[in-house]
Amino acid sequence: MEITNVTEYQEIAKQKLPKMVYDYYASGAEDQWTLHENRFAFTKILFRPRILIDVSKIDMTTTVLGFKISMPIMIAPTAFQKMAHPEGEYATARAASAAGTIMTLSSWATSSVEEVASTGPGIRFFQLYVYKDRNVVAQLVRRAERAGFKAIALTVDTPRLGRREADIKNRFTLPPFLTLKNFEGLDLGKMDKADDSGLASYVAGQIDRSLSWKDVKWLQTITTLPILVKGVLTAEDARIAVEAGASGIIVSNHGARQLDYVPATIMALEEVVKAAQGRVPVFLDGGVRRGTDVFKALALGASGIFIGRPVVFSLAAEGEAGVRKVLSMLREEFELTMALSGCRSLKEITRDHIVTEWDSPHPRPAPRL
């Protein structure tokens, strides 16, 4: 069967992967309301296309933190990619590089920062979890810097792991042949079996629940890399992030895996963009499966978007070729959406190109009698 859109990879991944692995990637927290909403909320935004504009040339290039990329579509950090495919993060890194875009490597990758760097050139960011032992954190950040990573994406929504009931039922743990490669030499690379989710137990033991804004400042004392704060959903926190010296904000609900009944990220986006007031770029993470979704996010003020699950599902289905295909399908759909909306460059995408369910209705002139 020919794959014609990103979503079709999920069913293939479901058939190929062991249940524990598929459920880990696919599931959300508790009732999974936010998981559903992350996708559904995009249907509440409609287009207001402009016609008869010369769209024979379309430019999708942009810059993120000063780095030029081919399109505003980037790869979000997702853990344990070798559970999906033996080449794991290596394949994802090569696919991102070939597409001319940014890959974010998870702290909990099954390939180390050095291994990913060894795949060749590419613009890469490093996602950071803050461990109780700050020496571990400092060491990891230094290794990422040395390996040529260009920014730190600090995850701020995980003082504790969300209640992911599929992982509890499956007694999720990392398969024995895999390790958290970045922590291997620190005796933190293995995950023990537990009576519920092995990952939840690992997080409870290792991740620092006391993490606060002062730690964002601390991070700036140990690295010169720009820091993106990942996991912001409110205007209040957007303002604090800017004041704390963040170089950017990623609007994220952790793929709906942390607190259930938070809004879809596309619903929270505009509030965060308005609070940031253009002082730092704001990015959207979560729910993007179509080029139309990318356009909607940019129309609401995002500087770019990150995709997570489409990467692991396509990786499971077809390895590096699958990830390349996901990036090229989203690119082509986004280019088509721009053309049909009358936009030739990203700066031409405006709030006027969409109407949302939460907009006040446009006043209609009274009908003539």
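Modeller: Here is a short tour of strands, helices and aromatic rings.

Biologist: What should I know before we start?

Modeller: This is a predicted model, where local features need pLDDT of at least 70 and side-chain atom pairs count only at pLDDT 80 or more, while totals for chains, interfaces and linings use all residues. Residues are numbered from 1 along each chain as its sequence is written, and side-chain values use heavy atoms, with hydrogens and water left out.

Biologist: And how are helices and strands named?

Modeller: They are DSSP runs numbered from the N terminus: helices are H or I with at least four residues, strands are E with at least two.

Biologist: Which strands does β8 pair with?

Modeller: On one hand β7, in the parallel sense over four bridges, with Ile227 in β8 as the bridge partner of Ile152. Four bridges also join β8 to β9, again parallel, and there Val232 has Val251 in β9 as its partner. The chain gets from β8 to β9 through helix α10 (residues 235-243), in a right-handed β-α-β crossover. For pairing, DSSP has to find at least two bridges between the strands. Right-handed means that, with the strands pointing away from the viewer, the path from the first strand over the helix to the second runs clockwise.

Biologist: Where does the chain go from β9?

Modeller: Through helix α11 (residues 265-276) to β10, in a right-handed crossover. β9 (residues 248-251) and β10 run parallel and are joined by three bridges; Ile250 is partnered by Phe283 in β10.

Biologist: Are the faces of β10 covered or open?

Modeller: Both are covered: Val282 and Leu284 are buried on one side, Phe283 and Asp285 on the other. In a regular strand, side chains alternate between the two faces of the sheet.

Biologist: Switching to helices. Which residues of α9 are buried?

Modeller: Asp215, Val216 and Leu219, in a helix that spans residues 213-222. They fall within an arc of 110 degrees seen down the axis, so they line one face of α9. That arc is taken from the directions from the helix axis to the C-beta atoms. Lys214 and Thr221, on the other side, are exposed.

Biologist: What do those buried residues pack against?

Modeller: β6 (124-128), α6 (134-146), β7 (151-155) and β8 (227-232); contact here means heavy atoms within 4.5 Å.

Biologist: Why call α2 largely enclosed?

Modeller: Because six of its eight residues are buried. Those are Val21, Tyr22, Asp23, Tyr24, Tyr25 and Ala26.

Biologist: Now the rings. How many aromatic pairs are there?

Modeller: Twelve. Rings of Phe, Tyr and Trp (its six-membered ring) pair if their centres lie within 6.5 Å; planes under 30 degrees apart count as stacked, over 60 as edge-to-face and the rest as tilted. Tyr24 and Phe172 have ring centres 4.5 Å apart and planes at 10 degrees, so they're stacked. They sit 148 residues apart, with Tyr24 in α2 and Phe172 in the loop between α7 (165-169) and α8 (198-206). Tyr24 is buried at 5% relative accessible area, and Phe172 is buried at 1%.

Biologist: What about Phe47 and Phe295, what kind of pair are they?

Modeller: Edge-to-face, at 5.4 Å centre to centre with 85 degrees between the planes. Phe47 is in strand β1 and Phe295 in α12, 248 residues apart. Phe47 is partly exposed at 30%, while Phe295 is buried at 0%.

Biologist: Which charged residue lies over the face of Phe47?

Modeller: Lys296, at 5.4 Å from the ring centre. A charge sits over a ring if NZ of Lys or CZ of Arg is within 6 Å of the ring centre and within 35 degrees of the ring normal.

Conventions:
Buried means under 20% relative accessible area, exposed over 50%, partly exposed in between (1.4 Å probe, protein chains only).
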